Amino acid sequence: MPSNHTADLFAEAELRQAPRTEPLGPQACVLRGFALPWVERLLPGLRGVLRAAPFRQMVTPGGFTMSVGLSSCGQLGWTTDRDGYRYTAVDPQSGQPWPAMPEAFRELARAAATQAGFAGFEPDACLINHYVPGARMSLHQDKDERDYGAPIVSVSLGLPAVFQLGGQQRSERPLRVPLQHGDVVVWGGVDRLRYHGVLPLKDGMHPLLGPRRINLTFRQAG
Ligand code: SIN
Ligand code: FE2
């Protein structure tokens, strides 16, 4: 364990100096380690958001309880219940507006979008996903946003995960993309409606975040 951890720290230090872009499609890519320089500013913001809007396990329209815990910040937050998927300005659990998007979140999202070729990204929603070991996200498209002109910017924190990136049809066999703490995936343009998901999270202990993965997805929803 300690030697693995040391190897991870070396890999992180290298990426901090020189993040790498790996293409996943004509307008989709993973920016390796791109979020690492922001992490110190992201975590206090995240704690504040979660105090006001704690993770909760939502129910799909089909009646399944999601294994991933969800929260949101920004002008709009994403919700699912028996009535369907939608964005709302108010957190249905607290009856209050969703917590404001911390400045560091917005800066990171804009910088990552620009790096991926989508300058001018103005996210109004950040969905926060909480994965514990065993939690997964089945293949789906992000299509509750009003217009698909803006990309999705997805930031991975904590335990590693395997991201699946499929095609425009659910039947298309997805790529498997291993994601580490600090990686950012961006998909937009012709890749905007590609199916995607996350395989069941493996057991582990992240030095900063413990036994969990937290994913921030930024959208222009309204
Ligand atoms: C999502 O599609 O909302 C989450 C993707 C991820 O957790 O990486
Ligand atoms: Fe998604």
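How far does a polar side-chain atom of Tyr131 lie from an oxygen atom of ligand 1? The distance is 2.5 Å in this predicted model.

**View 1. Polar side chains meet oxygen atoms of ligand 1**. Tyr131 places a polar side-chain atom 2.5 Å from a ligand oxygen. For His196, an N or O atom of the side chain is 3.0 Å from an oxygen atom of ligand 1. Asn215 also takes part, with a polar side-chain atom 3.2 Å from an oxygen of the ligand. Taken alone, ligand 1 exposes 260 Å². The protein buries 99% of that area.

**View 2. A shell of residues surrounds ligand 1**. Among its members are Asn129, Met137, His140, Ser154 and Phe163. Val198, Arg213 and Arg219 also belong to the shell. By class, the shell residues divide into 4 nonpolar, 5 polar and 2 charged.

**View 3. Strands supply residues to the shell around ligand 1**. Strands β6 (125-131) and β7 (137-140) each give at least two residues. Strand β13 gives the most, with 3 residues.

**View 4. Helix α2 packs with helix α3**. Helix α2 spans residues 39-52, and helix α3 spans residues 103-115. Their axes are 8 Å apart, at an angle of about 130°. That angle makes α2 oblique to α3.

**View 5. Side by side, residues of α2 meet residues of α3**. From α2 come Arg41, Leu42, Gly45 and Leu46. From α3 come Ala104, Phe105, Glu107 and Leu108. The residues of this contact divide into 5 nonpolar, 1 polar and 2 charged.

Terms used: Residues numbered from 1 in each chain as written. Chains lettered and ligands numbered in written order. Predicted model: local features only at pLDDT ≥ 70, side-chain atom pairs only at ≥ 80, totals over all residues. Heavy atoms only, no water. Axes fitted to C-alpha atoms, helices over the stretch in contact; angles between N-to-C directions. Helix = DSSP H or I, 4+ residues; strand = E, 2+ residues; numbered from the N terminus. Parallel < 35°, antiparallel > 145°, perpendicular 65-115°, else oblique. Contact = heavy atoms within 4.5 Å. Nonpolar A, V, L, I, M, F, W, Y, C, P; charged D, E, K, R; others polar. Near = heavy atom within 4 Å. Polar contact = N/O pair within 3.5 Å; in protein donor to acceptor, adjacent residues only side chain to side chain. Areas by Shrake-Rupley, 256 points an atom, 1.4 Å probe, with all protein chains shown as cover.
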